[in-house]
Amino acid sequence: MILPIVAYGDPVLRKVAKEIDADYPDLKELISNMKQTMYHASGVGIAAPQIGKSIRLFVIDASPFAQDEDLSESDRIQLKHFNKVFINPKVIKEEGNEWVFSEGCLSIPDVREDVFRKASVTFEYDDEGFVRHTETLTGLAARVFQHEYDHLEGILFTDKLSSLKKRIIKKKLEKISTGKIQVNYRMRFPNFKKR
Ligand code: NI
């Protein structure tokens, strides 16, 4: 089932999400619905707060990025099979130089901005069987993980922009929260007003 994606301005996107255990109700179905919702919106990742649930869960399928010919060999290898469910992830360390990439977010349609992030991230997470893993990602794979992880901390990529950039996109963000935008997937707008 395709779920409506929560738009910028909804308080659920600002909460620190809660850990879950294997008894979380209908978890399999939720994960399946989140994947469908992500694919329908042509996203490479979606976090539970974006469908209105403040729990520590996100799904990523960044394999479409592996087609990009400008990528380094290391990026391509990591992204090719980067299709995963992350439950209760916890970042252990972030390392390396910060690098810039133009990011977007399904909760903030039509906004793309350059964001700086560290090159490598090491973290723990539970898989769907609640088996704990430790993993390190670099480059674009790390970035997709870092973006989704931020959602569980109540952080959006627009928070990381300069104050000048924030001022420039302020109006656009207001339009998104009131639903005054064209978007080709289902959304839920926190401050919806009829036009
Ligand atoms: Ni996002």
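Let's start with R143 and E103, whose side chains meet in a salt bridge at 2.6 Å, N to O; by salt bridge I mean a side-chain nitrogen of Lys or Arg within 4 Å of a carboxyl oxygen of Asp or Glu. This pair links distant parts of the chain, with R143 in helix α3 and E103 in strand β4, 40 residues apart. Helices (H or I, at least four residues) and strands (E, at least two) are DSSP runs, numbered from the N terminus. R143 and E103 are both buried, meaning under 20% relative accessible area, where exposed is over 50% and partly exposed is in between (1.4 Å probe, protein chains only).

A quick word on the model: it is predicted, so local features need pLDDT of at least 70 and side-chain atom pairs count only at pLDDT 80 or more, while totals for chains, interfaces and linings use all residues. Residues are numbered from 1 along each chain as its sequence is written, and side-chain values use heavy atoms, with hydrogens and water left out.

Now, which residues hold the nickel ion? C105 (SG), H147 (NE2) and H151 (NE2) coordinate it at 2.1 to 2.3 Å. Donors here are N, O and S atoms within 2.8 Å of the metal (3.2 Å for Na, K and Ca), and water is not among the atoms, so sites may look incomplete. C105 lies in strand β4 (residues 83-105) and H151 in helix α3 (residues 139-152), so this pair ties together parts 46 residues apart in sequence. Both C105 and H151 are buried.

Lastly, E73 and R76 form a salt bridge at 3.7 Å, N to O. Both sit in helix α2 (residues 73-80), 3 residues apart, about one turn of the helix.
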